[in-house]
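Here is a short report on selected residues and one group of aromatic rings. Please keep the sequence and the model in view while reading.

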Amino acid sequence: MQYFEQEIEGIDGSRAKFVGYSLDNSEEVVPDRVRPSVLVIPGGGYEMTSDREAEPIAVQFLAAGYNAFVLRYSCWPSVYPTALVEAAEAMKRIREHADQWHVDPKAISIMGFSAGGHLAANLATTAGDQDLRAHGYDPDAVRPDGLMLGYPVITSGPLAHRGSIDHLLGDKKEDPEALEAVSIEKHIDSKTPPVFVWHTMEDGLVPPENTLMLVEACKQAGVSVEAHLFPHGGHGLGLGTEETAWQGTNGIEPCVQIWPRLASAWIKRTFRGQEDPTA
C-alpha cells in the first residue's frame with residue numbers, strides 16, 4: 001500500500017493535512033487495476049476535524065477495496081472559502097496522480113460528516129463555483145463523481161447548526177448574501193453528482209431535516225439520491241461502533257453500523273453497475 005502525508009497551503013496562510021492510502025496492485029490478481037476512491041472529510045463544527053471521522057472511516061473503505069484519502073482542512077479562525085479551496089486542491093491532486101495511486105479518475109467520491117458534510121456538499125454542488133474560479137480552480141474539474149454524507153450540515157436557515165455556520169462565515173455570519181451562498185439545498189442542480197446520505201432521527205445537534213431538505217432538493221433537480229434514516233442515535237456517531245465511540249463507550253449504536261456496507265454497495269452500483277451479493 002502507498003501511504004503519504006502532504007500539506008496544502010490555505011489561502012489565508014493556514015495549513016491543511018492531506019493523507020492518502022492507495023492499495024497496491026498485484027500480478028496475481030489484476031496488475032493494472034484502477035479503483036473507485038473516497039476523499040474523507042471529517043466533521044467538527046468548522047472548529048476542528050474529528051479523529052473519529054478520519055482514519056477509521058478511511059480504513060473501512062480500504063477494507064472494501066477502495067483507495068481512501070483524508071483531508072484535515074483549515075478551521076476557525078480560518079473562514080470561508082479557505083476549506084473549500086483546500087478540498088478543491090485535494091481533489092485536483094487525486095485526479096492528477098490517478099495513475100500513480102491506481103485511481104479510477106471517473107469514480108472519485110467525497111464523504112463528509114457533519115460540518116465536513118457541508119464542505120463536501122459545497123464542493124460537489126455549484127454553491128462555491130464562483131469562489132473556486134476566483135482562486136484558480138475549474139469547478140467542474142474538481143467536482144467529485146459521487147457525494148456521500150453522514151449526518152450533514154446542509155442549511156444555513158432556521159434549522160441550521162448555527163455553530164458550524166458561524167465558524168464558517170466569521171464576521172459574515174449575519175450577512176444574508178453569505179448565508180444564502182452556503183445554504184446547500186439552494187444550490188442542487190444538474191451538476192450535482194449522485195448522492196448517498198445517512199442520518200439519525202434522534203440527532204439533536206444537526207436536525208435530520210437537513211438531510212430531508214437535501215433529499216427534496218435532489219428530487220426536484222432530478223439528482224439520484226439514496227438516503228438512510230436510522231431510528232436511534234445522537235450526532236457524530238462515526239461508525240457507530242466502539243472504534244469511533246467517545247472514549248470507547250459513548251456512541252455505540254447498532255442500528256447505524258450497517259452504513260459502511262450500504263455505502264460500499266452504493267459505490268459498486270453507481271460506478272461499476274454491480275449489485276452487492278451480500279446485501
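**Loop residues**

The model is predicted.

| Residue | Relative accessible area | Class |
|---|---|---|
| R143 | 6% | buried |
| G234 | 31% | partly exposed |
| S50 | 7% | buried |
| F113 | 0% | buried |
| Y151 | 1% | buried |

R143 sits in the loop that joins α5 (139-142) to β6 (146-150). Its relative accessible area is 6%, under the 20% cut-off, so R143 counts as buried. Beyond its neighbours within four places in sequence, R143 contacts R95, L123, A124, T125, T126, D129 and K191. P193 is 50 residues from R143 in sequence, yet the two C-alpha atoms are 8.3 Å apart in space.

S50 belongs to the loop between β3 (35-41) and α1 (55-63). With 7% relative accessible area, S50 is buried. A polar atom of the S50 side chain lies 3.1 Å from the backbone nitrogen of R52. When residues up to four places away in sequence are not counted, S50 touches P42, G43 and R72.

G234 lies in the loop between β8 (225-230) and α9 (259-272). Its relative accessible area of 31% falls between the 20% and 50% cut-offs, so G234 is partly exposed. Leaving aside neighbours within four places in sequence, G234 is in contact with T200, E202 and D203. L205 is 29 residues away along the chain, and its C-alpha atom is separated from that of G234 by 7.8 Å.

**Aromatic rings**

How many aromatic pairs does a search of the whole structure find? The search gives 15 aromatic pairs. One of them joins F113 and Y151, with ring centres 5.7 Å apart. The ring planes meet at 50 degrees, so this pair is tilted. Which parts does the pair tie together? F113 lies in strand β5 (residues 103-113), while Y151 lies in the loop between β6 and α6 (162-169). The pair therefore links parts that are 38 residues apart in sequence.

Both partners are buried: F113 has 0% relative accessibility, and Y151 has a relative accessible area of 1%. Ring pairs link F113, Y151, W198, F230 and W259 into a cluster.

Definitions and conventions
Residues are numbered from 1 along each chain as its sequence is written. This is a predicted model: local features need pLDDT of at least 70, side-chain atom pairs count only at pLDDT 80 or more; totals for chains, interfaces and linings use all residues. Side-chain values use heavy atoms; hydrogens and water are left out. Helices (H or I, at least four residues) and strands (E, at least two) are DSSP runs, numbered from the N terminus. Buried means under 20% relative accessible area, exposed over 50%, partly exposed in between (1.4 Å probe, protein chains only). Contact means heavy atoms within 4.5 Å. A polar contact is a pair of N or O atoms within 3.5 Å; within protein, one must be able to donate a hydrogen and the other to accept it, and residues adjacent in sequence count only if both atoms are side-chain atoms. Rings of Phe, Tyr and Trp (its six-membered ring) pair if their centres lie within 6.5 Å; planes under 30 degrees apart count as stacked, over 60 as edge-to-face and the rest as tilted.
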